[in-house]
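Please look at the structure below.

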Amino acid sequence: MAVKIKDKAKVNEGHVSRFNYTRKDSVGTIEELIEELNIECPKINGERIQMDSLAGAISFIERTTGHRIGDQYEKLPIATIKLIKLLYVENERSGMHLFRLLSSPGELSKPTMEFSTGTTISRDISTASLVDSIASTLSLEIPEDKLELFRKLIGDDAQKSSSEKLLRHIERANDVIWRVFTDRIVDDDLGMADAYRALSRYMDSHHVRGVPGAVTPLNEAVFVHIETLALQHFILHHKEHLERIRIEGKIGSITSDLFRFCETLAVQSGVPEVDPFDGIYSVKNFHHVVLAYPSEFTSLVKAATGLDTRKKRLFENTVRARAILVSHAYRSFDEADPEAPVISLIDIVAALCSFRVQQEIKTQYSPYWHGQKSQGADPQRLFDKGLRVRDPHQHQGVFQIYYYRFLEYREEFSGTSSSHNAWMAFQLSRLDAYLRIVRLNGIIRIFAASSAFDYLCMEKAMEIAMNYPGNHQ
């Protein structure tokens with residue numbers, strides 16, 4: 001039921017709004033809130049706002065925090081009353097079924113890695129703005145020292161949402177563990193796979209703990225929930241999505257073909273022969289080698305996928321491959337400079353294979369988030385839309401179809417598919433643990449639990465690496 005928000009001065013000359021984010025009272029009751037709402041936010045049809053009118057907001061708070069709110073006459077912290085008012089008013093104003101939108105993924109709507117807040121850059125700008133506005137308002141009554149602790153955990157990149165920053169925090173910690181293993185376990189793909197599997201088992205059995213006795217105010221708990229909601233959606237959808245998009249069938253070996261191609265490059269260019277695994281190309285210039293040797297790249301793609309590729313399609317896929325290689329350079333080398341020579345021939349072929357195989361098997365994927373209109377189900381069409389200069393948006397699920405297949409081809413070409421599969425399982429275990437952590441819904445709890453978990457993971461990784469048999473020879 002829609003409400004009409006009137007100018008307070010015109011509604012009641014003697015009324016002073018009490019439950020807003022400028023007042024500093026200590027306690028209040030829902031009954032007092034109801035009286036204020038009937039003055040400030042009367043229903044269009046004239047019906048009186050009652051306790052039942054607030055049931056959606058209260059139920060959402062109780063589901064999210066695990067804390068039961070009493071009757072309308074119970075004295076409650078003023079921050080809780082303001083929280084109920086904020087959620088009720090925004091739900092009525094927006095007409096977006098707000099409580100379904102903000103509910104935990106899988107509770108009232110299905111998980112989706114496309115869930116948008118802030119700079120996850122959905123085309124559903126109004127929804128993103130609403131979610132951001134609610135979180136920003138709630139932050140006004142969270143102590144600055146707590147907010148600073150939250151920022152310390154997630155980082156201070158103003159261009160990214162809290163969920164994006166938390167995901168990057170997890171990825172950076174994963175990279176450190178990768179370095180711990182690779183420093184000790186050299187040229188042993190199965191050894192690396194065993195190490196990742198052992199660490200995954202440890203993480204899966206880890207019981208996440210917050211700070212004993214720490215009490216989180218309800219407004220803070222809802223703030224943390226909203227700030228991490230996109231990450232919760234991402235984690236739950238990501239695991240299922242990766243299983244769907246795995247490459248089926250055998251990947252052809254191209255090692256001997258690649259080395260012969262390197263010999264050709266050396267002869268024709270008059271420079272020393274390069275290794276196909278060496279990063280000698282950049283995101284900016286890799287396409288030159290494809291355009292110069294289309295027949296060779298077509299043959300390599302066919303050897304890997306079994307599929308012929310017309311020259312025109314090869315060149316189109318080369319344009320598409322740039323987005324994959326940009327991400328690879330950043331995620332694998334923390335390199336954002338498009339002129340940095342970090343791209344190998346293996347990388348180029350793997351990216352081309354990823355696009356070519358999708359054109360044959362036509363895996364469908366329809367981006368979804370609650371309340372959004374259908375975006376279609378053709379990943380290539382959606383991916384190509386994301387290449388537009390003026391609207392460079394890529395849906396997470398669409399991008400992952402190509403990126404994770406790129407990784408599968410790359411690791412198979414490199415002979416490291418066993419450790420790659422174990423690495424992927426390790427990352428999923430880390431994400432599952434962080435899902436348990438963020439659902440503690442308290443800044444101090446999350447900070448303590450994540451710090452302890454990251455430390456224990458690192459400690460266990462070092463123990464596994466030190467106990468690797470090769471270290472005792």
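## Aromatic pairs

The structure holds 16 aromatic pairs. Rings of Phe, Tyr and Trp (its six-membered ring) pair if their centres lie within 6.5 Å; planes under 30 degrees apart count as stacked, over 60 as edge-to-face and the rest as tilted. Phe-181 and Tyr-196 are edge-to-face, at 5.1 Å centre to centre and 75 degrees between the planes. This pair links distant parts of the chain: Phe-181 lies in helix H8 and Tyr-196 in helix H9 (residues 189–204), 15 residues apart. Helices here are DSSP runs (H or I, at least four residues), numbered from the N terminus.

Trp-423 and Phe-426 form a tilted pair, with 5.3 Å centre to centre and 35 degrees between the planes. Together, Phe-181, Tyr-196, Trp-423 and Phe-426 make one aromatic cluster.

## Buried or exposed?

Phe-181 has 0% relative accessibility, so it counts as buried. Buried means under 20% relative accessible area, exposed over 50%, partly exposed in between (1.4 Å probe, protein chains only). Tyr-196 is buried too, at 1%. Both Trp-423 and Phe-426 are buried.

## Contacts of Phe-181

Phe-181 touches Met-192, Ala-195, Tyr-196, Leu-199, Ala-461, Ile-464 and Ala-465, not counting residues up to four places away in sequence. Contact means heavy atoms within 4.5 Å.

## About the model

This is a predicted model: local features need pLDDT of at least 70, side-chain atom pairs count only at pLDDT 80 or more, and totals for chains, interfaces and linings use all residues. Residues are numbered from 1 along each chain as its sequence is written, and side-chain values use heavy atoms, leaving out hydrogens and water.

Definitions and conventions. Helices (H or I, at least four residues) and strands (E, at least two) are DSSP runs, numbered from the N terminus.
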